[in-house]
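These are my notebook entries on side-chain contacts. I record what I looked up, entry by entry.

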Amino acid sequence: KMSDNNRKKVVIIGSGLVGSVCACFMAKRGYDVEVFERRDDIRAAVEVKGRSINLALSHRGRKALNSIGIEDDVLESAIPMKGRLLHSAKGELKRVVYDPTFNQCIFSVGRNYLNKKLIQATTNFPNVKIYFNHLLTRSNFEEGSVTLINLKTCEEFKRNADLIIGADGAYSKLRLAMQQTPQFQYSQQYIEHGYLELSIRPQMGHKMEPNNLHIWPRGKFMMIALPNQDSSWTVTIFMPFEKFENLSTPKKVLKFFQDTFPDSVDLIGENDIVDTFLKNRPSELVSIKCSPYHIGGKFLIIGDAAHAMVPFYGQGMNAGFEDCSLLDDLLEKNRNDIAKTIQEYSKVRVKNAHAICDLAMYNYVEMRDLVNRIGFQWRKSIDHLLFRSFPNKWIPLYNSVSFSTMEYNQCVCNRKWQDRVIYKIVMTIGIIIGTIVIIFFKSFIYK
Ligand code: FAD
């Protein structure tokens, strides 16, 4: 798209999930892309410890992968999850399908597998160069440069570019530098719950129904399990830190599991449960909001660097991939005018990213508690009934977030509108029934 001598130069910090996808988008536009990643090349590593071993990929993420030509490839190794399978404390199962109308589903994908695949995808573009073991240390917004250090040789050097993108995750160095500039808004919230990952080892075939996201909702905490290709499961328990701390002996841990998640004990294995609890500390969960996402005419943050969120809507990565689609769309619209694009990007994206951060927080309550409540189940049924009758008008919240590209902020407005409509319908029915009862009694009394 661009002649060789006016090719724009882009520097991307981080070749995580979002940085790699962004590199493909920018390369596809014809830009010269350099990616600097502090870790080693994970394609060569035998095993990399990730934060969660698998992730739910949904519509927004798929759309971005489709644009860079690797959606089918990724989906081939993914496991479709059609709904939630709720495990009661007695081991009874209850299915809640995500989309009974159109049978849309989300997909469980291995984190390391996906990251390797995405880094590999950048090699389809000769105009991308990835430098592993390179750490961003400083950003100079006046000069329009970043300073990096080669961790193997300890050599320090500067890089200039037309566009410098921080895709360096929740603890982003580039965002840290932005925080020191005037008018930059920033807030972070660590929730009082942490998470610990366990696993159900590969078996001869899945021992639980694989095409579901399994949830053990227990009111104030929960456990979930996502399927892997090799018939193993990644099990994650989310719970208040205080509760983790109380489980300090093998006996306490086992009793807790036998009382709370009895049907999981044999699947995970008593020894593995005790080992995981006593040898690991639960990890923190942070939600980060900031604004704007750009500084000047060439610095931008995307992905977790801009909007880390708690994982309960399964949207962190999906939103990050959508960041890349949006950036690409705006560059197209603004004819590669980078300064104009990143300004517009912030304007459009901040409100939507803040909306999904809030929704992710809300969804924890839904997953661990509301799913068990009659009112919630009743509301879901109404939503799906109306969705089936008016598929273009009545899109339930979960569907709009996971199976559409409706702006996140719009998903929230849409839900508020639906709440008002349902409230009015319920009130009207109430008034009609009340009036009938009054008329009936009046005619009875005056007879
Ligand atoms: P990261 O994946 O953190 O990548 C950042 C990269 O930058 C890393 O490679 C890092 O090494 C590199 N880097 C950092 N600092 C520097 C530096 N100074 N110099 C050079 N390189 C640097 N999302 C979903 O969509 N679905 C899910 O089901 C889901 N489940 C989750 C479950 C859990 C428990 C957690 C914690 C998160 C989950 N997420 C999920 C969120 C998802 O993991 C993140 O949104 C996603 O990883 C963000 O990608 P990223 O590339 O922005 O950041």
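I began with the term for exposure: a residue is buried under 20% relative accessible area, exposed over 50%, and partly exposed in between (1.4 Å probe, protein chains only). I note that this is a predicted model, in which local features need pLDDT of at least 70 and side-chain atom pairs count only at pLDDT 80 or more, while totals for chains, interfaces and linings use all residues. Residues are numbered from 1 along each chain as its sequence is written, and side-chain values use heavy atoms, with hydrogens and water left out.

Entry on salt bridges. I took a salt bridge to be a side-chain nitrogen of Lys or Arg within 4 Å of a carboxyl oxygen of Asp or Glu. By this rule I find 28 salt bridges. For helices (H or I, at least four residues) and strands (E, at least two), I used DSSP runs numbered from the N terminus.

I looked up D419 and R415, whose side chains meet at 3.4 Å, N to O. The two are four residues apart in helix α15, and so are separated by about one helical turn. D419 is partly exposed at 32%, and R415 is partly exposed at 22%. I also note a network in which salt bridges with shared partners join R60, E322, D323 and R349.

I then turned to E332 and R29, whose closest N and O atoms are 2.9 Å apart. Because E332 lies in helix α11 and R29 in the loop between α1 (17-28) and β2 (32-36), this bridge ties together parts 303 residues apart in sequence. E332 is partly exposed at 45%, whereas R29 is buried at 2%.

The bridge of R201 with D272 has its closest N and O atoms 2.8 Å apart. R201 is in the loop between β14 (193-200) and β15 (213-217) and D272 in helix α9 (residues 270-279), so the pair connects parts 71 residues apart in sequence. R201 is exposed, at 51%.

Entry on aromatic rings. I paired rings of Phe, Tyr and Trp (its six-membered ring) if their centres lie within 6.5 Å; planes under 30 degrees apart are stacked, over 60 edge-to-face, and the rest tilted. I find 21 aromatic pairs. The rings of F141 and F299 have centres 4.7 Å apart and planes at 90°, so I list them as edge-to-face. F141 lies in the loop between β9 (134-140) and β10 (145-150) and F299 in strand β20 (residues 299-301), so the pair ties together parts 158 residues apart in sequence. Both F141 and F299 are buried.

F238 and F312 are also edge-to-face, at 4.9 Å centre to centre and 70° between the planes. F238 is in strand β17 (residues 233-240) and F312 in the loop between α10 (304-307) and α11 (316-333), 74 residues apart. F238 is buried at 5%, and F312 is buried at 4%.

Entry on cysteines. How many disulfides does a search of the whole structure find? With a disulfide taken as a pair of cysteine sulfur atoms within 2.5 Å, the search finds zero. The sulfur of C24 is 9.2 Å from the closest cysteine sulfur, in C324, which is too far for a bond. C24 is buried at 0%, whereas C154 is exposed at 58%.
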